Amino acid sequence: MPPLTEEQLKKYYDVALNLVMKCGPLMREGYCKTEANFLVKSAFYDLVTVYDKQIEDILIKGLQDEFPESKIIGEEESAANKRTAELTDDPTWIIDPIDGTTNFINKVPLCCISVGLAVNKELVVGVVYNPIMNEMFSARKGYGAYLNGERIHVSKTTSINNAVVALEVSLIHDARVRDKNVKRLSKLAANATGTRGIGSAAVTLCFVASGRFQCFHVEDLQPWDIAGGAVILTEAGGVIKHTSGASFDIMKPDLICACTEELLKDMHHLIEEADNITEYQIK
């Protein structure tokens, strides 16, 4: 696809922002219900509610009505059709209707609607909306990142000794990746000022973007968990790479991100140290 013009990029951004905002009351309705109905998908910790599907349907219809040439990678759509997500050069919306579903079900207000747009395999628009806390994070490539219309920036921390590091500690429930996550958690937490795990990768990326946290590490998630927040993070001045140190790839979203290059190097070094620990295994 030819490079986007400023006008095309702004239209994509404006339409996505308005559609996500439109879904806010529906998400708040589900959050405020006395009892949340949910289903278990692939495992006991992989949950979905009726609101995930309803919100995703609204987003997909609205985006495809406005941009019929675009493609969709959606969490519930991909699961329903049992297909592997594929990214091409076509404009592709990457949607998580509710990131942080377990928080949503349990009335923890750290959950959001996340939408990212990739064109020519490059992320160019990100919208992450937490209607429970009334926080709308947004960005389009080259124009900075915003929280409720106000410009945001990452912090200037350069050392993990002065940083709050975020990790998705709940991933320890999966025996296949438990030892890796426990070792990395132990190593990073031992060197950081503080450690947080909030149960939503999209919200966490936005917290780094706005200076609330300074760095974040997560693996074993899906593109829709990361796409919207990744654009917001980089437009706020942050850096994001694959855990190996290679360039970040949204279709293989194992990542380390930080507010500065120096802090990211600290994290990468500590993760390498953790991966070389062999004396124990967590059962």
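Which residue in β8 is the bridge partner of F137? In this predicted model, the partner of F137 is L147.

Seven strands make up an open sheet with mixed pairing, in the order β3-β4-β5-β6-β7-β8-β9. At its edges lie β3 (71-74) and β9 (150-152), each of which pairs on one side only. From one strand to the next the twist averages 20°. Helix α8 packs on this sheet and touches β3, β4 (92-99), β5 (112-119), β6, β7, β8 and β9. The direction of α8 makes about 100° with that of β6.

Strand β7 covers residues 135-140, and six of its six residues are buried, so the strand is largely enclosed by the rest of the structure.

On one side, β7 pairs with strand β6 (residues 122-130) in the antiparallel sense, over six bridges. One of the bridge pairs joins V125 to R140 of β7. The two strands form a hairpin with four residues between them, and N134 in the turn has a positive phi of about 55°.

β7 also pairs with strand β8 (residues 145-147), again in the antiparallel sense, here over three bridges. A139 has A145 of β8 as its bridge partner, and F137 has L147. The hairpin of β7 and β8 has four residues between the strands as well, and in it G142 takes a positive phi near 90°.

The bridge pairs named above are collected here.

| Residue | Bridge partner | Strand of the partner |
|---|---|---|
| V125 | R140 | β7 |
| A139 | A145 | β8 |
| F137 | L147 | β8 |

**The annotated site**

The unreviewed UniProt entry places the feature "binding site" at E75, D96, I98, D99 and D225. These positions span 151 residues in sequence, yet no two of their C-alpha atoms are more than 9.7 Å apart, so they gather at one spot.

E75 lies in α4 (residues 75-81) and has a relative accessibility of 14%; because the cut-off for buried is under 20%, E75 counts as buried.

Leaving aside residues up to four places away in sequence, D225 touches D96, D99, A201 and A202. Of these, D96 and D99 are themselves among the annotated positions. The side chain of D225 also reaches the backbone nitrogen of Q222 at 2.8 Å.

**Helices α2 and α3**

How do α2 and α3 lie relative to each other, roughly parallel or roughly antiparallel? The axes of α2 (residues 24-32) and α3 (residues 50-66) come within 10 Å and cross at roughly 180°. The two helices are therefore roughly antiparallel to each other, as angles over 145 degrees count as such. Where they meet, α2 contributes L26, M27, E29 and G30, and α3 contributes Y51, Q54, I55 and I58.

Definitions and conventions. Residues numbered from 1 in each chain as written. Predicted model: local features only at pLDDT ≥ 70, side-chain atom pairs only at ≥ 80, totals over all residues. Heavy atoms only, no water. Buried < 20%, exposed > 50% of the residue type's maximum accessible area, 1.4 Å probe, protein only. Pairing = 2+ DSSP bridges. UniProt positions renumbered as here; feature names shortened; annotations may be inferred. Contact = heavy atoms within 4.5 Å. Polar contact = N/O pair within 3.5 Å; in protein donor to acceptor, adjacent residues only side chain to side chain. Axes fitted to C-alpha atoms, helices over the stretch in contact; angles between N-to-C directions. Parallel < 35°, antiparallel > 145°, perpendicular 65-115°, else oblique.
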